[in-house]
Amino acid sequence: MVLLHRAFIAFVVLGGVLAAWRPRGAWLHLPAAAWAAWAEFSGAICPLTPLENELRRLAGQSGYAGGFVERYLIPIVYPAGLTAQAQQWLGVLVVVVNLAIYLVVAGRWSRT
């Protein structure tokens, strides 16, 4: 489940590259990126987090409080912990990175 979570995050951040390679990939990526940005801006918890916690409990492990980002990513990027402002910046990062990628993709599409 952790790998699926990480793969989803990688897809959200860099999935626009898929659209450059396969334009139909945008139909998968844009909704995923929009949902992830909304989740960061609103503070929502990804549905994969409760699923991961439940699977941990079924395996005899303890779950964890908070979300995947706070548990696995924030300690790497923000060792002091997640603040509301940091979460807002993560949402901005998702939007800006994908906007830049799609601007490059749009430029390629317009030249062909």
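What is the mean pLDDT of the protein, and what share of its residues reach 70 or more? After that, please look closely at Asn98: where is its place, and which residues does Asn98 touch?

Author: The mean pLDDT of the protein is 78, and 81% of its residues reach 70 or more; pLDDT is the predictor's confidence in each residue, from 0 to 100. This is a predicted model, in which local features need pLDDT of at least 70 and side-chain atom pairs count only at pLDDT 80 or more, while totals for chains, interfaces and linings use all residues. Residues are numbered from 1 along each chain as its sequence is written, and side-chain values use heavy atoms, with hydrogens and water left out.

The secondary structure comes to 6 helices and 0 strands; these are DSSP runs numbered from the N terminus, with helices (H or I) of at least four residues and strands (E) of at least two. Of the 112 residues in the protein, 32% are buried, where buried means under 20% relative accessible area, exposed over 50% and partly exposed in between (1.4 Å probe, protein chains only).

Now to the part in question. Asn98 lies in helix 6 (residues 84-111). Asn98 counts as buried because its relative accessibility is 6%. Its side chain reaches the backbone oxygen of Val12 at 2.8 Å. Leaving aside residues up to four places away in sequence, Asn98 touches Val12, Val13, Gly16, His29 and Ala33; a contact means heavy atoms within 4.5 Å.

Val12 and Ala33 also belong to the largest nonpolar core, whose 6 residues are Val12, Ala32, Ala33, Ala36, Ala37 and Val94. Such a core is a set of buried Ala, Val, Leu, Ile, Met, Phe, Trp, Tyr and Cys residues joined through side-chain atoms within 4.5 Å. Helix 3 gives the most to this core, with 4 residues. Val94 touches Val12, Ala33 and Ala37, again not counting residues up to four places away in sequence.

Contacts can also be viewed across the whole protein. Among those between residues at least 6 apart in sequence, 60% join residues at least 24 apart.

Terms used: A polar contact is a pair of N or O atoms within 3.5 Å; within protein, one must be able to donate a hydrogen and the other to accept it, and residues adjacent in sequence count only if both atoms are side-chain atoms.
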